[in-house]
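Here is a short briefing on one protein model.

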Amino acid sequence: MQMLVPLHQALDQTYPKIWRTIAECIYIGLDEEDTQRRVTQTLQITDVLRAELGGLQPYLPKGNEYDNAVQYRDLYNQFNGRNIADLSAASGVCLRVLYKHFAVLKREDFELRQAGFGFK
């Protein structure tokens, strides 16, 4: 990928492959127009991660639970009390699952609104 050429030029050929991949991900994710500054930031971040996580084999979850929670919250925010079937059809999430998550989100919202009143 042409975008990664400046980073690859800055990395030593013996740089470990997994850390090269992590550096590439960081480089792509940074929103920095100055290429040299972007390379410098990438190497700094990668070196910190390498120092802290090097030698470990941490499990890196994909974050599906987080993604699902964001999706359910978004659908709940679109819910008007009568459109759950439409939300189910549009999202591909079955009604039973939406009802279950909406009940939890409704309870959380109620508790948040009522926190100052001492209700549970």
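How exposed is C94, in relative accessibility? C94 has a value of 37%, so C94 counts as partly exposed, between the 20% and 50% cut-offs. The model is predicted. Its main points follow.

**Cysteines**
- C25 is exposed, because its relative accessible area of 53% is over the 50% cut-off.
- C94 is partly exposed, at 37%.
- A search of the whole structure turns up 0 disulfides.
- Such a bond would be a covalent link between the sulfur atoms of two cysteines.

**Largest pocket**
- The volume of the largest pocket is about 230 Å³.
- Two elements each give two or more residues to its lining: helix 2 (17-29) and helix 3 (35-53).
- Helix 2 gives the most, with 4 residues.
- The lining consists of I18, W19, T21, I22, L49, L53, L56, P58 and L60.
- By class, 8 lining residues are nonpolar and 1 is polar.

**D109**
- D109 sits in helix 6, which spans residues 95-114.
- Is D109 buried or exposed? D109 counts as buried, because its relative accessibility of 18% is under the 20% cut-off.
- Which residues does D109 touch, leaving out those up to four places away in sequence? The contacts of D109 are R73 and Y76.

Methods: Residues numbered from 1 in each chain as written. Predicted model: local features only at pLDDT ≥ 70, side-chain atom pairs only at ≥ 80, totals over all residues. Heavy atoms only, no water. 1 Å grid on protein atoms, 1.4 Å probe; cavity = no way out; pocket = protein on both sides within 12 Å on 5 of 7 lines; lining within 4 Å. Points joined across faces, edges and corners; volume = space filled by probe spheres on them. Nonpolar A, V, L, I, M, F, W, Y, C, P; charged D, E, K, R; others polar. Disulfide = S-S within 2.5 Å. Buried < 20%, exposed > 50% of the residue type's maximum accessible area, 1.4 Å probe, protein only. Contact = heavy atoms within 4.5 Å.
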